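Please read them with the structure open.

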Amino acid sequence: MSVLVTGGAGYIGSHTCVELINAGVDVVIVDNFCNCKKSSINRIRALVNKDFTYYECDIRDKKGLDSIFKKEKIDSVIHFAGLKAVDESVYKPLEYFDNNVNGTLVLLDVMRNNGCKKIVFSSSATVYGMNNISPLTEDMQVGGVTNPYGRTKFMIECILQDLYVSDNSWSICLLRYFNPIGAHKSGTMGEDPNGIPNNLMPYITQVAIGKREYLNVWGDDYDTPDGTGVRDYIHVVDLALGHVKAVQKIEAGSGLYIYNLGTGKGYSVLDVVKAFEKASGVKIPYKIGPRRAGDIATCYSDPGKAYRELGWKAERDIEEMCEDSWRWQSQNPNGYPD
Ligand code: NAD
Ligand code: WQD
């Protein structure tokens, strides 16, 4: 089986490629390297015993993408490529709609023209919006999103669902990720954000190595056990393994499938700080700040459907997530080399 992985050099994509290759799948990576370093490709190579091909190509480049499909024998696609910074999307909405939505339209058109109708899409728990009560299940209403990034995910879900209605020979899997953290056990691959991290774990690890003075905790007056926001953190390797199962599912027959990929457990910001301190032995100074616009109190999954239908569940706990994040950050204080 040969899988084209868009955004395969990024954080989740690189971990997924390692697990796909370990599972005997042939991988072809397409990435324009707008949010990752090329050295991540070498790090993937160093962890697997099989070579693979990568192309530097933007998914909006229809000709380029078409020539890749003509050259490689692609059975299915895992589509990670996209811009993902929530706050950036608020002041660059056109860039987000162009890259994420238009990029997906180009990809789908090229796939269809080349007779490839199987796709796994990186969606997000953000599509559940502000109003659903956790644990979140796949049948809940989606769409109450609060920012352009989230809207691109919701719009792409709608596009893929309409595509399936128009032609049910497609096989489409929407994976709604909760909060991916952690890194490969080797410490050679992990999350390498540009600039000041938006997300909690990379911010904590940068405080731990001394790049940032303290963590800002965005609000301690939520209706949660300690007042700080509660999220469903999932180890990136568990997430990667969920993609291996999802690809097997879409290979098995046509259909439209939607799965949460989360652990089903919620941890507060202060729980994560404590777990990280325990795993790393490093104290994380923090200051309580105001709430961050657009944040909700609590968000965690019901991961039961993925277990029932894919036989997948997350195995790695919060301690392991923190240990692995710390190993990556301490071994690579400046992230991937240029
Ligand atoms: P990432 O930025 O590390 O990876 C995305 C990759 O896509 C990068 O390597 C980037 O260079 C590439 N890319 C972006 N636009 C491209 C384009 N037009 N053409 C080709 N390549 C392009 O992000 P990630 O955390 O690995 O996320 C992967 C996917 O999962 C994204 O679609 C993201 O929205 C989604 N997601 C991420 C999270 C999270 O918290 N990390 C949560 C839910 C969903
Ligand atoms: C987690 C918790 C913050 C940073 C975002 C996107 C979502 C998905 C995952 C892509 C919250 C608190 C954070 C900090 C803090 N991405 N926090 N100080 O907001 O759940 O989800 O990433 O699809 O779409 O919205 O993740 O890691 O930013 O925040 O106190 O410096 O940590 O308020 O409670 P979030 P996060």
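1. Which residue places a backbone N or O atom 2.8 Å from an oxygen atom of ligand 2? That residue is Trp 218. Bear in mind that this is a predicted model.

2. For Tyr 149, a polar side-chain atom lies 2.5 Å from a ligand oxygen. For Arg 231, an N or O atom of the side chain is 2.6 Å from an oxygen of ligand 2. The ligand taken alone exposes 680 Å², and the protein buries 87% of that area.

3. The shell around ligand 2 holds 18 residues. Tyr 149, Asn 216, Arg 231, Arg 292 and Asp 295 are the closest. By class, the shell splits into 8 nonpolar, 7 polar and 3 charged residues. Strand S8, residues 215-218, contributes the most to this shell, with 4 residues.

4. Strand S9 covers residues 230-231. It is joined to S14 by 2 bridges, and the two strands run parallel.

5. In general, strands of a sheet pair through backbone hydrogen bonds, in either the parallel or the antiparallel sense.

6. Is Ser 268 buried or exposed? Ser 268 counts as buried because its relative accessibility is 3%, and the cut-off for buried is under 20%. This residue sits in strand S12, residues 267-268. Leaving out residues up to four places away in sequence, Ser 268 touches Asp 226, Thr 228, Gly 229 and Val 230.

7. Now strand S5, residues 118-124. It is mostly covered, with 6 of its 7 residues buried. Strand S4 (residues 76-79) runs parallel to S5, and 3 bridges join them. S5 also pairs with strand S6 (residues 171-177), again in the parallel sense, over 7 bridges.

8. Within S5, Phe 121 is the bridge partner of His 79. Phe 121 also stands opposite Leu 174 in S6.

Methods. Residues numbered from 1 in each chain as written. Chains lettered and ligands numbered in written order. Predicted model: local features only at pLDDT ≥ 70, side-chain atom pairs only at ≥ 80, totals over all residues. Heavy atoms only, no water. Near = heavy atom within 4 Å. Polar contact = N/O pair within 3.5 Å; in protein donor to acceptor, adjacent residues only side chain to side chain. Areas by Shrake-Rupley, 256 points an atom, 1.4 Å probe, with all protein chains shown as cover. Nonpolar A, V, L, I, M, F, W, Y, C, P; charged D, E, K, R; others polar. Buried < 20%, exposed > 50% of the residue type's maximum accessible area, 1.4 Å probe, protein only. Contact = heavy atoms within 4.5 Å. Pairing = 2+ DSSP bridges.
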